[in-house]
Each structure stands twice: as C-alpha cells, then as structure tokens.
Amino acid sequence: MRLTILGATGSIGVSTLDVVARHPDRFQVLALTGHSQVDLLAAQCKQFRPSYAVVGSATDAQRLAGLLRAEGLRTEVLHGAEALVRVAALPEVDAVMAAIVGAAGLPPTLAAARAGKRVLLANKEALVMAGAVFMADAQRAGALLLPIDSEHNAVFQSMPHDYAGKMARSGVRRILLTASGGPFRTASQEILAQVTPEQAVAHPNWVMGRKISVDSATMMNKGLEVIEAHWLFNAPAEKIEVVIHPQSVIHSLVDYEDGSVLAQLGNPDMRTPIANALAWPERIDSGVAPLDLFAVGQLNFERPDMRRFPCLELAYRALKAEGNSAAVLNAANEVAVAAFLERRLSFLGIAGLIAATLDAVPQGALPDLDAVLEADRQARVAAQGILARMQSAST
Ligand code: NAD
Ligand code: MG
C-alpha cells in the first residue's frame, strides 16, 4: 500500500511512521508533509525515502532540499497549501493519513476523499467544519473513510460492517463516547480560573499535540468528537452520549437495541487505531503492549459536568443548530486556544469567546467548500474582534 502522510512531523504522524516501519513489505511512503519542523522531516525522508516532501514556506523548502541533496536523496521538495492538496490526491497513492491539525487540514483531506482514497482520518476539524460536504463527496468518489480518533475507531470496530466496509447501523440504540476528563476532571471552578498553558497541555493518559491537549482540558475535544461521530456514523445528537472514563482503557462503546453493548479496549496508544486503519480489514502488529487488566484493576464511569466544562455543551448546541454553526465553533475554538497558549486569554475565557462568536456570526448554509472556508474566515474575524474587546475590558 502506497501512502501519503499529511502532518508526518506531528504526534499522529510520528506514531504512523512507527507502525509503517514495522511492516516494510506492506507499506511504501510516497509523500510526507510537515509544516516547519524541517530537521525532523529531513530525518523522516532519509528513513522512508518518499517521492515528495512538503513544507509550509519557500525558505523551509530550500533548506529541506539542501539537507536531502546532502544525503543523496531524490525526494522532490514542494511547499504551500496547493502542494498539500497535490500530494493528497496523487494517482499512485492508495491511502492518505490526514494528520494535520486544525482547519489547515481540510483542503488536502477533502482532496484525498474526492480522489477516492482510503482516508485515515485523524484531522477531526475537517469533519466538524465541512461534515455534509465531506461525507457526500467521499461517498460519491467511493473513498473509504477510516477513523483514527481512538473513540471513533473504537465505535467503528464495534459496529457491524457489510462487505463494502460501510457502516450498517441496524439496531444501534446509542453511541457512547468515552472521555478521560482531561487533567482538570475533578478541579473546582476556582482552580479552573487559574489554569496555565503548561498545566493544560499535560494530559494524564495521552501524549498529543498542543492544540488537542488544550481541547482535551476544556473538553472541547469531546465536543468536536460528538460532531465527528454524527457525520461518520450518521447518528443524531440525541444518540451520542459522553461518558467520563478516567482510565482511558475503553475507547468507546456501541449500545444495541437488544441490550448488547460492544466496546473496544486497549492501552491508550494511538498506534492501535492507526494500525487498525492502515491494515483494515486485517490486523497487524502495532508495537502496543498487550492490555494487562490485572494492572488496570478498575474501570470507572462518571457523568460529564457541563457547568464546569461548558465547551462540551457549546458543541452539542452547534451540532443541533446545523448549517454553519459547527464551522463557526471550530474556528472560534482555534482562535481561543491559540490566544490561551499565548497567555492572551484565560482558560475559562476559551468557552466565553466561543459562545460569544456563535452568537455574533449569522446562521447560514454550507453547500460547498467555498462556503465552509468563508464561514471559517468570518468566524475568525468575529472571534478576533471579541478577543480584543475581552482584553481591553480586563486591563
Ligand atoms: P501535532 O500538533 O502534533 O501535529 C500537527 C501536524 O500538522 C504537524 O505535522 C504540523 O507540521 C502540521 N501542521 C500544523 N499546522 C499546519 C499548517 N498550517 N499547514 C500544514 N501543516 C500543518 O498534532 P497531533 O496531535 O498529531 O494532531 C493531529 C490531528 O489529529 C489533529 O486534528 C488532532 O485533533 C487529531 N488527533 C490527534 C490525536 C493524538 O493523540 N495526538 C488523537 C486523536 C486525534
Ligand atoms: Mg479522541
């Protein structure tokens, strides 16, 4: 199987290459992309010898090309958003790992779907922004969408599959998405008011990129995942429930009409869903240690607290509102998380900024990619304006 890995230098990208390296006869890497980590990307090119490597800027492209030439590699170096779209849709590529973080991942991920690839979907923001367009175009092109997000991969594994690998939803009562609760699961409102970026990115069970780590701390990550599940499994908001499960051993569950509940368990390591999607419907070694239930001992469950974690409620609200609301939610969240990481917004201010942006941007339909990108742009402008007013009010 010939692969393009979008976001190869990130947490998911590195885990993907770890699995790929275990199966040299099975996988061939045709393209790798990274945004600005030129040295890491150069090392990855040296190991996997792709035909193409893509970075963000012309300056970084020049530097990468120099490093690769010095190694005697013939990898062609490209840069910019157009190049990402190009390597996502190369005719000779079979599968695309979509592991760019945030809205920047939407155009190439959608391009892979439109080209009918096997799309390994980590970039949940693409579905949150453009779910209707994405699912329709993927189906039309015959793309095989395989979820990488651990919860959605668990649901996928717990659902019945027909011969074409499509989801048959017969008899499903509810989808239960598990959530660790993040680093502040038991924190009081007073503690939440003082949270620093360093505390927020230190997740108890998973090692991840900075943006998704903050999303996990606010529980917006779970909110985005509810919306992601809606699109992937064609399930209404009422049928998707969130269950706090601090051990992160059950990755999600499907509750059937007959009372059966199927779940997927494993150590919290993204190489499991990555290997599952890379090899599906077969199973391959991922490097993940076997689950030791005796060491785990207990599995606990709690109801999420929407008052302490209002981001989760905002995501349900955006999903139910339909139209452009989820795209606005996602854009406002990206602005808010970036501002929080730059210490321009408090932890509790994240939800406040998103709520105000949802109120400020008029409702609208999203018939195509251009409309999605315009809603994203509008929401960012609105969120930046609200952020500036919040800052001047607090000084
Ligand atoms: P990360 O920050 O570690 O990596 C992000 C990757 O995207 C890097 O390769 C970076 O170079 C690239 N990138 C960043 N901005 C870019 C831009 N403007 N243009 C092109 N490329 C850009 O993030 P991550 O934790 O690997 O997460 C990647 C995606 O996977 C996210 O959508 C996240 O929600 C999802 N995801 C991650 C995990 C996890 O365990 N890390 C789990 C589930 C889902
Ligand atoms: Mg997840």
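Is Phe184 buried or exposed? Phe184 is buried, with a relative accessible area of 7%; buried denotes under 20% relative accessible area, exposed over 50%, and partly exposed the range in between, computed with a 1.4 Å probe on protein chains only. The model is a predicted one, in which local features need pLDDT of at least 70, side-chain atom pairs count only at pLDDT 80 or more, and totals for chains, interfaces and linings use all residues. Residues are numbered from 1 along each chain as its sequence is written, chains are lettered from A and ligands numbered from 1 in the order in which they are written, and side-chain values use heavy atoms, with hydrogens and water left out.

Aromatic pairs were assigned where ring centres of Phe, Tyr or Trp (its six-membered ring) lie within 6.5 Å; planes under 30 degrees apart count as stacked, over 60 as edge-to-face and the rest as tilted. In one of them, Phe184 and Phe347 are arranged edge-to-face, with 5.4 Å from centre to centre and 75° between the planes. Because Phe184 belongs to the loop between β8 (172-179) and α8 (189-193) while Phe347 belongs to helix α16 (residues 347-360), this pair ties together parts that are 163 residues apart in sequence. Helices (H or I, at least four residues) and strands (E, at least two) are DSSP runs numbered from the N terminus.

Phe347 is likewise buried, at 5% relative accessibility. The ring of Phe347 also pairs with that of Phe340; the centres are 5.7 Å apart and the planes stand at 65°, so this pair too is edge-to-face. Phe340 is buried, with a relative accessible area of 1%. One aromatic cluster is formed by Phe184, Phe340 and Phe347.

An oxygen atom of ligand 1 lies 2.8 Å from an N or O atom in the side chain of Thr9. A backbone N or O atom of His35 is 2.7 Å from an oxygen atom of ligand 1. Taken alone, ligand 1 exposes 830 Å², of which the protein buries 86%; these areas come from the Shrake-Rupley method with a 1.4 Å probe.

Key. Polar contact = N/O pair within 3.5 Å; in protein donor to acceptor, adjacent residues only side chain to side chain.
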